[in-house]
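Please walk me through this protein model, one feature at a time.

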Amino acid sequence: MRSRMKGVFWSGVLLFLCTFVSGQPSCPVEEIRTELQNPNEKPSQLTYNSAFMSPIVHSFLGSVQPKPFPKDLLVGLVKGSGTTQTDTIKEVLLYEVGFLVCVAIGILYIVLMPLIGLFFACCRCCGNCGGRMYQKQKTNIHCKRRSFYCSTFIITALILAGNICMFLSSTYTSDTVMGSSTEIKDILENVKSYITTVPEQIRQVSNESSKTVDKVEYNLNETGPLLGKAIQNGLKGALDPAFTSINEIAKVINSTSTGLLQLNKTLDLLKPKVDALQANLSAVRQRINNTLHMSDCVNCNSSQPELDKMSLEGSLEFSDQNDLRSAVDKAINTNVTGQAEKGRDFFDSIPQKVKTQTTASVMLAKYELDKLKKQISDVTKDLPLDVLESISRPLTDMQDTISKSSPEIERSSKISRAIGLTLSCLILLVVICNILGLLLGTAGLNAKDNPTERSGTSNCGGIFFMAGVGFSFLFSWIFMLVVLILFIVGGNTYTLVCKPWQNKELIQVFDTPGLIQGFNLSEILNLKTDLSIVNVYSDCQNDKPLWTTLHLNEVFDLNNLLNISKYERQIYQTFEDANINIATITVLSPEVKSQLHNFSSSASTMNFSNIIQQINDVSGTNLSSSAESLDDLAVKQRNTNISEQLRGEAKDLRDIQTDITSNIMPLLLVLNATIKNLSAVASQINATVENVLKNVGYAQDVLNYNISQIVKSESMSFIDCQLKIFQAYVSWANQTITERMGRCGPVAAALERSVDLLCKHLVGSLNAFWFSLGWCMIFLIPSVIFSVKLAKYYRRMKYSDVYENNTIRMHSFPKAQLKPELYGK
């Protein structure tokens with residue numbers, strides 16, 4: 001008995017382990033895929049830049065100001081401490097010495113150019129400086145003219161190149177000024193979008209926590225269906241085979257009952273007919289026997305053995321049928337199917353029982369969840385979101401101010417465009433004069449013509465050269481004044497702002513301690529780490545989150561804020577204390593098992609071979625041969641009466657045989673098929689009953705010994721699943737806050753766009769303009785010189801040069817006797 005119980009126990013444990021391992025459902029923890037809202041960035045609309053001139057301008061400014069960025073000088077100026085004002089001025093002048101030299105050169109240009117022009121005009125009015133309309137004819141005159149022509153052409157081409165750059169840079173400058181208001185508003189809008197996105201991202205994280213809590217609360221409210229289903233899955237591996245096998249044996253019992261009913265019905269139809277045939281056959285045998293014993297019957301004694309064989313064998317009496325019928329009826333009366341339905345009802349009622357018995361635990365767990373939800377929501381309350389809103393308002397005010405100033409900015413753009421085009425056109429006027437002088441002078445000049453006889457076309461060419469010279473003297477000093485002003489502003493902006501910004505030298509100035517009174521990032525954020533603006537800017541350029549950029553881990557203990565371990569322990573304890581009691585049931589009662597044993601033994605003892613043998617005996621009866629023997633015997637008789645009697649008796653046998661074939665044989669075939677079906681069903685009854693009892697035993701052992709363990713294990717697995725949902729959220733929130741939330745790349749991008757607007761677009765195009773204008777001013781000096789020289793070769797002279805023959809002695813005559821016209825223009 002002890003060994004049997006031990007075997008049952010270990011069988012139950014093995015069944016439980018197999019069922020638990022194979023049937024345990026995985027926890028459906030969905031990965032959180034919430035995408036954080038990203039700030040809307042408006043791209044730059046500025047497409048114009050002066051990159052084609054930047055290398056030359058920057059190289060020139062590098063030569064003018066080769067000294068490094070004066071960080072100490074700038075810090076001293078901002079702080080207003082240290083050296084005296086005189087020393088500070090000296091340091092500034094020493095640093096700006098390159099610019100001062102250029103300014104001095106520009107002032108000399110501004111002063112000397114109009115003076116020289118004035119002296120040149122007066123000198124020509126007096127007949128000097130090429131003002132005398134007389135040209136000596138020398139052998140190298142054509143060589144000089146060609147040299148002056150080539151030089152003037154090259155100088156004019158250089159001035160034209162600078163003039164084209166003036167047109168382009170002037171257009172770029174005006175377009176930059178025109179689009180600067182929109183660009184600045186877009187930059188501010190990007191910053192505002194970033195500032196408003198950060199609180200939205202924080203709200204997303206907080207909302208996700210609410211969704212997580214709501215989801216777990218929903219699961220707790222659905223403890224009955226969810227946990228009950230899990231417990232059902234734990235029991236399903238043991239109970240399903242038992243219920244299935246019970247249904248199978250019920251079908252076998254029903255099939256056996258149906259077969260026995262069919263057997264009885266067939267026997268009820270067959271037995272009366274068999275009994276009638278046996279009576280008829282007995283009467284015919286008696287008559288045949290009487291005929292064969294007549295004295296006049298010839299050779300009748302030889303037919304007596306044939307007469308003895310003439311009978312209908314098989315009683316068709318089946319005694320085992322009643323025992324099986326009785327066992328089947330008792331099995332049906334025990335209602336095996338009803339027993340299985342009771343088990344099914346118990347199995348289906350588990351969710352409702354779990355829901356009823358876990359109501360108190362669910363309420364306590366939901367109370368803990370509410371406290372957890374409040375703790376997570378408190379994380380966002382500690383964040384200084386009001387600071388972001390206070391930053392956003394001044395940005396909006398700046399946008400409004402820029403919008404109001406847009407008409408003035410557009411007007412400034414139009415003015416700058418007009419000034420740039422005017423200056424460019426004036427330079428172009430000088431270029432056109434030179435080009436026309438070169439074209440007309442060359443087209444109208446005939447080298448063999450006397451200077452006094454030059455064509456009007458050639459003379460116009462010379463006049464255009466002199467017009468260009470006049471325009472040069474008239475406007476060049478004004479142009480140089482413009483160059484000087486723009487050079488001082490644009491050059492210093494590049495060397496003191498743009499270049500050090502690219503080298504990150506300017507931004508390092510802001511990290512100087514005490515530069516801005518009361519401004520210290522580390523103190524403002526209560527950080528232990530010394531946080532520098534350079535590092536913050538560098539991190540934002542790499543689009544790092546605010547958690548890393550501002551070292552917020554020193555301000556907020558995120559692990560503590562997102563710590564849910566104490567709530568986990570409480571919820572675990574709540575469900576451990578819950579007493580989920582699922583009362584067990586008896587799958588099959590001992591009476592049902594006894595009837596199944598009786599049914600199995602009755603089916604196994606039934607002799608189906610004897611029944612089949614009786615059927616074969618009845619179906620094997622053949623009276624036709626006996627009838628033929630009587631017919632043969634009747635032929636041999638001399639007595640007509642005996643012969644007629646034998647023939648009549650043979651006919652009776654044939655009639656009986658016909659009755660057997662037409663009425664008995666179909667019923668025998670049906671009976672034979674029924675017996676075979678019963679035999680096939682009966683052959684499986686023993687194994688089916690054993691399988692039922694085995695599965696039911698296993699199921700009953702699980703219900704008796706393991707159901708409490710399954711309930712406890714599934715309850716803890718259910719709570720583990722809910723807490724895994726929280727753990728997945730905590731992991732996502734931690735990663736989101738520390739790695740994704742508040743990526744400050746848009747701030748760095750806005751700052752870089754502002755610098756690009758100032759340096760690449762505005763200052764770059766402005767520097768390109770004054771450099772191009774200065775380029776033209778420098779080459780105007782040789783242009784004036786060569787234009788004056790070359791004009792003498794194209795203008796029509798008033799006096800012709802007379803070649804002197806050195807072999808003829810010329811008489812001298814007093815100078816006073818010469819005609820005054822010789823000294824005219």
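Just after helix 17, D543 takes a positive phi of about 55 degrees. Helices here are DSSP runs of H or I with at least four residues, numbered from the N terminus. Most residues other than glycine have a negative phi. D543 is not a glycine, yet its phi is positive. The residue sits in the loop between helix 17 (533-541) and helix 18 (546-549). D543 counts as partly exposed because its relative accessible area is 30%. The cut-offs are these: buried means under 20% relative accessible area, exposed means over 50%, and partly exposed lies in between, with a 1.4 Å probe and protein chains only. Helix 17 itself has buried residues: V534, V536, Y537, D539 and C540.

Before going on, note that this is a predicted model, in which local features need pLDDT of at least 70 and side-chain atom pairs count only at pLDDT 80 or more, while totals for chains, interfaces and linings use all residues. Residues are numbered from 1 along each chain as its sequence is written, and side-chain values use heavy atoms, with hydrogens and water left out.

K504 also has a positive phi, about 60 degrees, and is not a glycine. Look for K504 in the loop between helix 14 (456-502) and helix 15 (505-509). With a relative accessible area of 26%, K504 is partly exposed.

Now step back into helix 14. L486 is found there. L486 counts as buried because its relative accessibility is 18%. Which residues does L486 touch, leaving aside neighbours within four places in sequence? They are G491, L766, F769 and W770. Contact here means heavy atoms within 4.5 Å. L766 is 280 residues away from L486 along the chain, but their C-alpha atoms are separated by 7.3 Å.

Aromatic rings come next. A pair of aromatic rings is described by the distance of the centres and the angle of the planes. Rings of Phe, Tyr and Trp (its six-membered ring) pair if their centres lie within 6.5 Å; planes under 30 degrees apart count as stacked, over 60 as edge-to-face and the rest as tilted. The structure holds 13 such pairs. One of them joins F99 and F487, tilted, with 5.0 Å from centre to centre and 35 degrees between the planes. F99 is buried at 3% relative accessibility. F487 is buried too, at 4%. F487 also pairs with W770: the centres are 5.0 Å apart and the planes stand at 80 degrees, so this pair is edge-to-face. Here helix 14 is linked to helix 25, where W770 lies, 283 residues from F487. F60, F99, F487, W770 and F771 form one aromatic cluster.

What lies at the nonpolar centre of things? The largest nonpolar core has 147 residues. A nonpolar core is a set of buried Ala, Val, Leu, Ile, Met, Phe, Trp, Tyr and Cys residues joined through side-chain atoms within 4.5 Å. Those with the most contacts inside the core are L235, I249, I427, L596, F599, L773 and M777. Helix 24 (residues 640-740) gives the largest share, 25 residues. Leaving aside neighbours within four places in sequence, L773 is in contact with M166, L423, I427, F479, V482 and V483. Another core lies apart, with 20 residues, among them I288, A627, A634 and L668.

Charged side chains meet as well. The structure holds five salt bridges. A salt bridge is a side-chain nitrogen of Lys or Arg within 4 Å of a carboxyl oxygen of Asp or Glu. R753 and E183 form one, at 2.9 Å from N to O. R753 is in helix 25 (residues 745-791) and E183 in helix 6 (residues 141-221), 570 residues apart. Are these two buried or exposed? Both R753 and E183 are buried. E200 and R203 form another bridge, with the closest N and O atoms 3.3 Å apart. Both lie in helix 6, three residues apart, about one turn of the helix. E200 is partly exposed at 25%, and R203 is partly exposed at 42%.

Key:
Helices (H or I, at least four residues) and strands (E, at least two) are DSSP runs, numbered from the N terminus.
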